[in-house]
Amino acid sequence: MGFVSSHIVVPNPATQKWQRIVTHTESQNPNDWKIAIIEADSILDELVDSMGYRGETLGEKLKLIEQSDFTTINNAWEAHKVRNFIAHEASFQLSEREARRVIALYQSVLEEFKYI
């Protein structure tokens, strides 16, 4: 008799959030693109927290990271700066191309650490 193993796959919450971000990015509504970037920044913050970096803000945490430990750190900074423009400048205009570029920056960081 053969032994049949059943594996229960528990979905990664970050991956589920990432799917929503992709959906927002594919929208034709610029506000959805901004939401996608803000949500991607939130996932980046979760990742950095899970790595043990501490600070009041994501920016403070990113300052603690050595390039040798985090090869996509420049992508993280570039994406986070765009998120700050969105969060703090109501008149900030975001093109679809720029939104997709910034989401790709977040994706490169999250994939480096196999977080999504």
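Predicted model: local features only at pLDDT ≥ 70, side-chain atom pairs only at ≥ 80, totals over all residues.

**Stop one: α4**

Residues are numbered from 1 along each chain as its sequence is written, and side-chain values use heavy atoms, with hydrogens and water left out.

Helices here are DSSP runs (H or I, at least four residues), numbered from the N terminus. The buried residues of α4 are I73, A76, A79, H80, V82 and I86, where buried means under 20% relative accessible area with a 1.4 Å probe, protein chains only.

Now zoom in on V82, which sits in α4. V82 counts as buried because its relative accessibility is 7%. Leaving out residues up to four places away in sequence, V82 touches I37, F92, L94, E98 and V102; contact means heavy atoms within 4.5 Å.

**Stop two: D41**

Jump to helix α2 (residues 30-50) and pick D41. Is D41 buried or exposed? D41 is buried, with a relative accessible area of 6%. Its contacts, not counting residues up to four places away in sequence, are L58, H80, R83 and Y106.

**Stop three: α5**

Select residues 96-112 for α5, whose end C-alpha atoms lie 24 Å apart, in agreement with the 24 Å that its 17 residues should span at 1.5 Å a residue. Colour A99, V102, I103, L105, Y106, V109 and L110, which are buried in α5. Now look down the axis: the buried residues of α5 fall within an arc of 150°, so they line one face of the helix. The arc is taken from the directions from the helix axis to the C-beta atoms. Covering these buried residues are, among others, α1 (13-25), α2 and α4 (73-88). Just past α5, click K114, which takes a positive phi of about 50°.

**Last stop: the core**

Finally, show the largest nonpolar core, which has 31 residues. Such a core is a set of buried Ala, Val, Leu, Ile, Met, Phe, Trp, Tyr and Cys residues joined through side-chain atoms within 4.5 Å. W18, I37, L44, L94, I103 and Y106 have the most contacts inside it, and α2 gives the most to this core, with eight residues.

Notes
Helix = DSSP H or I, 4+ residues; strand = E, 2+ residues; numbered from the N terminus. Buried < 20%, exposed > 50% of the residue type's maximum accessible area, 1.4 Å probe, protein only. Expected span 1.5 Å × (residues − 1).
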